[in-house]
Amino acid sequence: MSGMDATALDNLREALRGPLVTPQDAEYDETRSVYNAMIDRRPAAVARCSGTADVRSTIAFARQTGVELAVRGGGHSGPGLCLVDGGLTLDLSLMRWVRVDPVNRTAQVGGGSQLGDLDHETHTFGLGVPAGINSTTGVGGLTLGGGHGHLTRKYGLTIDSLVAADVVLADGSVVTTSEKEHPDLLWALRGGGGNFGVVTSFTFRLHPVHTVGVAVTVWPVEQTQEVLRWYREFLPSAPEDLNGFFAVMAVPPAPPFPEPLHGRKVCGVIWCYTGDLEGGRLDDVLSVVNDPAPPAFHFATPMPYPMLQTMFDDLVPKGLQWYWRGDFFDTVTDEALAVHERFGRELPTGLSTMHLYPVDGAAHDVAPGETAWAYRDATWSGVIAGIDPDPANADLIRRWCVDYSTALHPHSMGGAYVNFLGETGDADSVRATYRDNYARLAAVKHTYDPDNFFHANQNIPPAA
């Protein structure tokens with residue numbers, strides 16, 4: 001590591017309140033591990049920052065020594081962008097806190113917090129933020145990429161609820177950005193990724209949500225074309241209270257699925273309904289699931305929103321092999337229907353899957369230029385994920401994912417959700433992700449990080 005020696009490390013260690021973990025420490029392997037076990041990188045050190053002072057000290061150290069810096073929030077980055085071999089990871093995971101203002105309906109959230117932390121604190125007030133589908137996802141990475149989940153059709157993207165942020169810049173200065181202060185930086189943080197600084201806290205506008213209607217409906221994988229043809233027409237015309245992401249998958253060997261279905265390849269929809277649940281309303285709303293074909297299984301129940309957010313946590317814990325790719329879609333073409341059925345039939349492992357997340361409804365109420373997220377005309381954000389616990393299957397799941405993506409991409413809009421780019425995040429694909437917003441993002445990058453100090457990300461180089 002250029003310019004880094006034992007004395008320099010000792011100086012950094014003394015400057016931090018949080019621990020500095022190096023390969024000589026017993027906790028090093030656990031500290032450097034990330035959600036995706038396919039990533040095996042060995043940073044020279046991990047600075048576990050306890051607050052803004054530690055963040056500033058770590059940035060100053062990296063600038064003085066010339067060491068390459070990466071930033072980690074929740075550690076869910078698919079391609080492991082929070083780790084650099086031989087570099088320094090600035091780890092925010094100790095900064096997990098949430099402060100809710102129920103009167104003004106806002107929440108300030110520490111940069112290392114996970115969605116479960118946010119949901120737990122806001123739920124007691126009957127409030128929430130539209131964000132993700134797993135409680136272990138980092139608030140920071142999800143938000144900076146845009147953020148979508150079960151509440152998107154009702155309340156928009158996560159960035160549409162972001163009203164302020166505290167940011168440590170590349171020169172070590174600290175700014176608070178809002179619509180009134182550094183509004184250009186807030187615009188860029190709303191979807192532009194980790195290019196502009198280290199966000200030590202986010203402030204969100206909160207929305208009413210408490211108990212939601214949750215349902216899981218599956219059909220045999222052989223009916224994928226029939227069901228998806230119905231879904232592509234039904235959901236965009238449905239009330240915004242109803243969200244449902246489409247999936248091809250294998251039935252998990254766990255409740256609520258009956259044992260005869262365990263392991264079967266299926267297509268399905270995971271529903272979230274935020275409307276009135278009185279008097280069997282959920283059953284009435286979802287009676288349409290019989291329209292494409294009688295489902296092989298349908299389960300519906302009211303559920304506290306944070307419980308829905310944890311529903312998949314045990315199914316996909318930290319430590320699995322992951323390989324993913326994504327695309328935006330404005331429609332599901334007839335040709336794409338056949339692609340989805342083919343690769344659904346060819347699922348390589350029990351956890352591998354494809355999801356189509358709705359990004360319409362309230363998300364369409366924001367113009368493409370109002371935030372860095374440029375695909376406000378997209379209807380779905382798709383992700384193909386090869387997943388398995390066994391490293392021996394890494395090539396198998398990677399090949400299935402790449403082949404599926406290659407066959408599907410011609411039917412896409414040409415860009416992808418930045419958090420789903422995976423290792424495909426080359427300069428062309430990052431540019432395609434931001435469309436006409438790319439030049440403005442590069443200009444903001446030049447203002448706040450002219451030397452491209454923060455480049456271990458889906459990078460947007462500064463404008464000349």
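Analyst: A residue is called buried when its relative accessible area is under 20%, exposed when it is over 50%, and partly exposed in between (1.4 Å probe, protein chains only). By that scale Asp91 is buried, with a relative accessible area of 0%, whereas Arg48, at 22%, counts as partly exposed. The structure above is a predicted model, in which local features need pLDDT of at least 70 and side-chain atom pairs count only at pLDDT 80 or more, while totals for chains, interfaces and linings use all residues. Residues are numbered from 1 along each chain as its sequence is written, and side-chain values use heavy atoms, with hydrogens and water left out.

User: With which residue does Arg48 form a salt bridge, and how far apart are the closest N and O atoms?

Analyst: Side chains of opposite charge can pair when their charged atoms come close. The rule used here asks for a side-chain nitrogen of Lys or Arg within 4 Å of a carboxyl oxygen of Asp or Glu, and by this rule there are 20 salt bridges. The partner of Arg48 is Asp91, with the closest N and O atoms 3.3 Å apart. Arg48 belongs to strand β2 (residues 45-48) and Asp91 to strand β4 (residues 88-91), so this pair ties together parts that are 43 residues apart in sequence. Such strands (E, at least two residues), like helices (H or I, at least four), are DSSP runs numbered from the N terminus.

User: Which parts of the chain does the pair of Arg190 and Glu179 link?

Analyst: The side chains of Arg190 and Glu179 meet in a salt bridge of 2.9 Å, N to O. Arg190 sits in the loop between α7 (183-189) and β10 (198-205), and Glu179 in the loop between β9 (174-178) and α7, so that distant parts of the chain, eleven residues apart, are linked. Arg190 is buried at 10% relative accessible area, whereas Glu179, at 53%, counts as exposed.

User: In which helices do Arg232 and Asp334 lie?

Analyst: Arg232 and Asp334 form a salt bridge whose closest N and O atoms are 2.9 Å apart. Arg232 is in helix α8 (residues 224-237) and Asp334 in helix α11 (residues 334-345), so the bridge ties together parts 102 residues apart in sequence. Arg232 counts as buried at 15% relative accessibility, and Asp334, at 49%, as partly exposed. Elsewhere, shared partners join the salt bridges of Asp29, Arg32, Asp40 and Arg42 into one network.

User: Which members of the largest nonpolar core touch the most other members?

Analyst: In soluble globular proteins, nonpolar side chains tend to be buried together. A nonpolar core is here a set of buried Ala, Val, Leu, Ile, Met, Phe, Trp, Tyr and Cys residues joined through side-chain atoms within 4.5 Å. The largest one has 72 residues, of which Val167, Leu185, Leu189, Trp322, Trp373 and Leu441 touch the most other members. Another core lies apart from it, with 41 residues, among them Val248, Cys267, Ala336 and Leu356. Trp373 is in contact (heavy atoms within 4.5 Å) with residues that include His148, Ile159, Arg190, Phe328 and Tyr417, neighbours up to four places away in sequence not being counted.

User: How many cavities of 30 Å³ or more does a search of the whole structure find?

Analyst: Rolling a probe the size of a water molecule over the atoms shows where empty space is left. On a 1 Å grid over the protein atoms alone, a cavity is a set of points where a 1.4 Å probe fits but cannot get out, whereas a pocket is an open set with protein on both sides within 12 Å along at least five of seven lines, and lining residues have an atom within 4 Å of a point. Grid points are joined across faces, edges and corners, and a volume is the space filled by probe spheres set on the points. The search finds two cavities of that size. The largest holds about 50 Å³, and Trp373 is one of its lining residues, which also include Gly145, Phe328 and Tyr417. The second largest cavity holds about 40 Å³, and its lining includes Arg325, Asp327, Val383 and Leu408. Two or more lining residues come from each of β16 (321-329), β18 (380-388) and α12 (394-408), with β16 giving the largest share, four residues.

User: How do the residues of the lining of the largest cavity divide into nonpolar, polar and charged?

Analyst: Ala, Val, Leu, Ile, Met, Phe, Trp, Tyr, Cys and Pro count as nonpolar, Asp, Glu, Lys and Arg as charged, and the others, Gly among them, as polar. The lining of the largest cavity has eight nonpolar, three polar and no charged residues, while that of the second largest cavity has four nonpolar, three polar and two charged. The second largest pocket, with a volume of about 400 Å³, has 21 lining residues, and Ser33, Gly74, Ser93, Gln114 and Lys318 lie nearest its centre. This pocket lining divides into four nonpolar, ten polar and seven charged residues.
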